[in-house]
Amino acid sequence: MGNDRYNVIIVGAGPAGSAAAIRLAQNDLSVALIERGEKPGTKTMFGGSIYADPTSRVIPEFWEDAPLERPLVTDEFWLLDRDSAVKVGFTGLKYKRSPYNKFSALRSKFDPWFAQQAVNEGADLMTSTLVKDLVYEKTGLLNKKVAGVKLDSGEVIHSDVVLLAEGASANLTEKAGLRGEIETSSMFLYVKEELALPAEKIESRFNLEPNEGANVGMIGYPTSGIAGKGGLWTNKESISLIVGGYLNQIIKKGASPYQMLSRFKAHPLVSRLIDGAKTVAYKSRIIPKGGYESLPQLYDDGILVAGDAAVMISGRRGTDLAMLTGLYAADIIAQARAAEDYSSRVLKGYDKRVSNSFFMKNIKKGKGGHQYQKDHPDADYLLTKAANDAAYKFFEVGSESSSEKMKKIRQEILDMQPIKKTVKDIYYGLQDWSVF
Amino acid sequence: MSNFLKDNQSPLDYVTIKVDDQSHIKIKSQKKCLNKCENKPCTYYCPTRVFSWDDQSNKIKVAYERCIECLACPFGCPLNNIDWNFPQGGYGVIYQPNGQ
Ligand SMILES: Cc1cc2nc3c(=O)[nH]c(=O)nc-3n(C[C@H](O)[C@H](O)[C@H](O)COP(=O)(O)OP(=O)(O)OC[C@H]3O[C@@H](n4cnc5c(N)ncnc54)[C@H](O)[C@@H]3O)c2cc1C
Ligand code: SF4
Ligand code: SF4
């Protein structure tokens with residue numbers, strides 16, 4: 001198992017950990033990348049889209065080599081009601097060519113490939129290895145710094161610095177005293193099914209050509225009453241379907257995630273898309289949705305936190321922010337090595353870099369949205385209902401004049417809830433889903 | 001263990017799990033479950049029904065071998081009564097692409 005001392009130990013071979021490992025190994029630091037799964041990607045799942053621009057900052061033109069499913073050319077957003085949907089969408093064929101925009105992907109294929117790139121650069125990957133604890137050393141009378149990790153085998157490995165890229169559970173981040181308790185109102189619980197379907201069927205159903213993919217995000221019916229979301233991605237020969245909602249609301253309303261998924265699959269506008277498709281995988285995962293209020297402290301003496309563990313989530317993004325924070329952490333660690341100082345004095349540069357990043361602005365902007373969802377758990381549902389009722393009226397061929405029709409529609413929306421709230425619902429709904 | 005839906009399908013048919021011989025999930029106090037927890041949310045928020053209420057013994061039963069580590073535990077229990085740990089390295093759920 002390699003040496004017993006490294007410059008850097010990274011906990012977790014997800015997008016954050018592997019991105020950092022790649023960059024650190026490129027800079028000739030010795031790196032141990034530790035993963036509890038028997039292989040990277042055996043514990044992780046997402047919708048999901050891999051974003052081309054941020055990922056290519058880690059590995060230029062990664063699409064030449066990475067196990068991706070389809071370049072996404074079609075992006076749709078559905079406000080789904082019981083037997084109708086208001087749809088907003090865009091198809092851009094430019095996105096099927098380099099430099100691309102997004103790809104559908106399966107983490108159980110992508111994560112092992114990504115971690116392998118770190119190994120190719122010289123990092124040591126240890127799998128089937130759970131990090132149980134942090135190990136400290138004294139740096140003065142009162143001060144201590146993180147100096148390594150303890151494994152579930154009892155073995156201790158030492159390093160100059162530890163990077164926590166452990167994902168949403170953030171156990172060690174909590175143990176290190178860098179974050180407080182996580183509330184269930186800051187957690188989203190998702191379930192996912194992957195359903196096998198021949199490529200030609202996928203292409204005809206979604207109006208695609210080979211090597212083109214579609215992504216549909218949905219709110220409203222999938223979760224009814226619970227602020228939540230559904231989503232669908234086309235892979236090469238399968239469809240990924242996810243549905244989920246705030247954990248506290250699932251608990252309050254007595255909802256079962258699996259039944260939510262079954263109900264979603266049975267929706268007449270969804271069931272036709274997956275007709276004949278055979279379930280091949282069932283997965284589930286929480287995602288920290290706290291946004292800005294629940295960000296942990298990102299550094300301390302000898303330690304840094306990146307990715308989901310640091311709640312770097314904004315809208316539908318996640319893997320990309322994980323990779324970028326992984327890269328930023330790697331850059332600071334390289335500086336720390338040059339200065340031979342791994343104390344928070346140097347490592348705080350990471351916090352500064354993250355605070356000034358474009359995505360921090362988005363995360364801060366999302367702050368109000370999270371609170372809004374908390375206060376109005378039914379917002380998505382009401383918005384969807386209002387939009388669908390209005391659309392039904394709008395498209396109906398009747399005998400009233402169009403101005404009468406518009407007046408009626410307006411009145412109905414106004415009757416549903418105070419207009420200010422409706423407009424806010426739309427704004428926050430879209431903001432939460434936006435890709436920026 | 002009952003199935004999830006009437007058609008006898010269980011989502012666990014589509015999951016690979018390498019089961020450890022020790023449980024990584026423990027209930028801290030069964031008394032709390034019995035007396036202090038009205039709705040017993042663990043019996044429904046868990047996506048693979050690891051927890052079930054046993055009328056015979058008046059206890060929560062924990063089928064840890066069904067856990068797919070969604071990480072909703074321990075956050076989901078309103079009384080913070082679930083002692084949930086990662087299975088040891090290499091054990092537990094093994095997600096695979098397209099169930100291959
Ligand atoms: C349903 C869902 C849909 C999503 N859709 C998208 C999407 O479409 N696009 C997108 O960009 N993002 C999406 N995300 C978010 C994205 O998955 C996460 O932001 C991203 O995975 C975070 O990466 P990470 O490296 O921080 O953590 P993770 O991917 O969670 O990786 C952490 C790794 O650390 C390992 N680990 C944890 N603790 C230990 C330990 N103590 N010892 C050893 N190993 C450990 C884990 O096994 C895991 O492999 C989605 C998330 C969910 C839940
Ligand atoms: S939710 Fe917690 S307290 Fe309630 S029954 Fe389950 S484990 Fe017991
Ligand atoms: S972590 Fe998830 S799958 Fe495991 S017992 Fe808890 S809710 Fe069930």
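A polar contact is taken here as a pair of N or O atoms within 3.5 Å, where, within protein, one atom must be able to donate a hydrogen and the other to accept it, and where residues adjacent in sequence count only if both atoms are side-chain atoms. The structure is a predicted model, in which local features need pLDDT of at least 70 and side-chain atom pairs count only at pLDDT 80 or more, while totals for chains, interfaces and linings use all residues. Residues are numbered from 1 along each chain as its sequence is written, chains are lettered from A and ligands numbered from 1 in the order in which they are written, and side-chain values use heavy atoms, with hydrogens and water left out.

Chain A contains 15 helices and 17 strands, assigned as DSSP runs (helices H or I, at least four residues; strands E, at least two) and numbered from the N terminus. Of the 436 residues in chain A, 59% are buried, that is, under 20% relative accessible area with a 1.4 Å probe and protein chains only. Among the contacts in chain A with a separation of 6 or more, 72% join residues 24 or more positions apart, a contact being heavy atoms within 4.5 Å.

Ligand 1 lies between chains A and B. Around ligand 1 there are 40 residues, of which Glu35(A), Arg107(A), Arg285(A), Asp308(A) and Thr319(A) come nearest; a residue is counted as near if one of its heavy atoms lies within 4 Å. Two of these residues, Arg285(A) and Asp308(A), each place a polar side-chain atom by an oxygen atom of ligand 1, at 2.5 Å for Arg285(A) and at 2.6 Å for Asp308(A). The protein covers 97% of the 1000 Å² of accessible area (Shrake-Rupley method, 1.4 Å probe) that ligand 1 has on its own. The elements of chain A that give two or more residues to this shell are α1 (15-26), β3 (49-51), β15 (278-288) and α9 (319-339), and β15(A) gives the most, with three residues. A polar backbone atom of Gly47(A) is 3.0 Å from a nitrogen atom of ligand 1.

By residue class, the shell around ligand 1 comprises 20 nonpolar, 11 polar and nine charged residues. Domain 1 (5-68 + 106-183 + 292-356) and domain 2 (185-288) of chain A each supply at least three residues to the shell around ligand 1, with domain bounds from an automatic or database domain assignment.

Ligand 3 is surrounded by 14 residues, the closest being Cys46(B), Cys67(B), Ile68(B), Cys70(B) and Cys73(B). The shell around ligand 3 divides into 12 nonpolar residues, one polar and one charged.

Definitions and conventions: Nonpolar A, V, L, I, M, F, W, Y, C, P; charged D, E, K, R; others polar. Buried < 20%, exposed > 50% of the residue type's maximum accessible area, 1.4 Å probe, protein only.
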